[in-house]
Amino acid sequence: MQEILEAIQGGASGDEIAALPIPETYRAAHVLRAEQGMWEGVPSEDKDPRKSLHIGDVPTPELAPDEVYLAVMASSINFNTVWTSIFEPLPTFGFLDRLGRESVWGARHAQDFHVVGSDASAVVLRAGSAVRNWAPGDRVVVHCNYVDDQDPSAHDDSMLAANQRIWGFESNFGGLADLAMVKANQLMPKPAHLTWEEAAVNALCNSTSYRMLVGRHAARMKQGDNVFIWGATGGIGAYATQLVLNGGGTPVGVVSSDDRARLLNAMGCDNVVDRKAEGYKFWKDEHTQDEGEWRRLGKKVRSLIGDDPDIVFEHPGRQTMGASVFIAKRGGMVVTCAATSGFMIEYDNRHLWMKLKTIKSSHFANYQEAWDMNRLIDRGAIQPVMSAVYPLEQVGEAARAVHRNEAEGKLGVLCLAPEPGQGITD
Ligand code: NAP
């Protein structure tokens, strides 16, 4: 990999890069099948990704005709790497085994190690024989929608494909590594004005927020909409805040500290709810929600913007869904993509149907949506929201910070890039 890195840094041509040998093994962050039972009986919050995420060499898989090998310059931590590392809600080896049963090429993924990571900025090293639009030497970013395009269900909206997967979570050979193997239809041009790490952090979270709010499959925000955003300085929330501001909407952002409130103000969001300072407690006990608390939050939002939210950007799940359904405007929409605090959800259905509200699900994004999102980044209309950068060796530390809600925006991870600040070409 050192030879490959030197060639990239020395400005080698595509032909020169194509002539370099692909190593038989490479350094990667991975979890082990043999350890998937290691957290039995341990409460979720005590599961420490530093213990389950290993950095070490794994064998390079064979390349399929529609795939490319990438030299990964940088990657990022997503919450799915936290889920994989704590083996919740399920160990990801089941996903790999299912993919392994699908086809000869799928069988490469069913290993006793799982290389994690669903973002990357990279340089193409080799392109399979069926790849048309990309060649060795191309500087790219990767989106994580892993779709078999021979399935008819993949051809309306590829997120509806029967075998749609998230690369590096439901497939192997992910981006937290020096080398990766992805399908050509996951590639997008790297924005030239960004460093490797700035370019690496956007695709998963920003595309998710884009589909939830902007694309035609979910909330379809319009100018003037009020949008209530949980975790507004978090991974998906900080992109959502920018998308709302860009689209002529009014964001109301929720955070849990003074520092985050200031950060949100600095991003241009004036309407801030500090959920910790104001002490919202939507559950009286494990079984009972507190409608009074929902009402208190609703009043707070009205005091800020004089109205109820047209859209609620929801992802904390069990802790907040009851409140989200309650505060949405009559006829409004709660759009959800996750359930960080628990997936068995409870809300009062009367508030939903009597006020004609909609709960809409959303999951990552199709290639076109990811591409449109990348174009916004490329134009400088959306900024990467990266608050820290870690070397690959400290990936467990970085995942732990995300697990403990100690990180703002995204955490970048340097893979082949030796230090931050490299990779800008314009
Ligand atoms: P993140 O960077 O950790 O940010 C989440 C934010 O949510 C935190 O900053 C926190 O903000 C807030 N939060 C956490 N627990 C909360 C609670 N109990 N009540 C209210 N707010 C809470 O994570 P992320 O990258 O934004 O991802 C968020 C969730 O979306 C994760 O579950 C992830 O797996 C999921 N996700 C799904 C998709 C998809 O395609 N379906 C894509 C990306 C992410 P404050 O503490 O400041 O309020």
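How many salt bridges does the structure hold? The structure holds 24 of them, a salt bridge being a side-chain nitrogen of Lys or Arg within 4 Å of a carboxyl oxygen of Asp or Glu. The model is a predicted one, in which local features need pLDDT of at least 70 and side-chain atom pairs count only at pLDDT 80 or more, while totals for chains, interfaces and linings use all residues. Residues are numbered from 1 along each chain as its sequence is written, and side-chain values use heavy atoms, with hydrogens and water left out.

One of these salt bridges joins the side chains of R27 and E393, at 2.3 Å from N to O. This pair links distant parts of the chain, 366 residues apart, since R27 lies in strand β1 (residues 25–32) and E393 in the loop between β19 (386–391) and α14 (395–403); helices (H or I, at least four residues) and strands (E, at least two) are DSSP runs, numbered from the N terminus. E393 counts as exposed, at 52% relative accessibility, where exposed means over 50% relative accessible area, buried under 20%, and partly exposed in between (1.4 Å probe, protein chains only).

A second salt bridge is formed by the side chains of K183 and D66, at 3.4 Å from N to O. Because K183 belongs to strand β9 (residues 179–183) and D66 to the loop between β2 (54–59) and β3 (67–76), the pair ties together parts that are 117 residues apart in sequence. K183 is buried, with a relative accessible area of 10%, whereas D66 is partly exposed, at 30% relative accessibility.

Strand β1, which carries R27, also takes part in an open sheet of three strands, in the order β2-β1-β4 and with antiparallel pairing; two strands pair if DSSP finds at least two bridges between them. β2 and β4 (113–115) stand at the edges with a single partner strand each, so one side of each is left without a neighbour in the sheet. Neighbouring strands of this sheet are turned by 65° against each other on average, direction ignored, axes being lines fitted to C-alpha atoms, for helices over the stretch in contact, and angles running from 0 to 180 degrees between N-to-C directions. β1 and β2 pair in the antiparallel sense over six bridges, and A28 stands opposite G56 in β2. Helix α5 (residues 93–102) packs on the sheet, touching β1 and β4, and its direction makes about 95° with that of β4; contact means heavy atoms within 4.5 Å.
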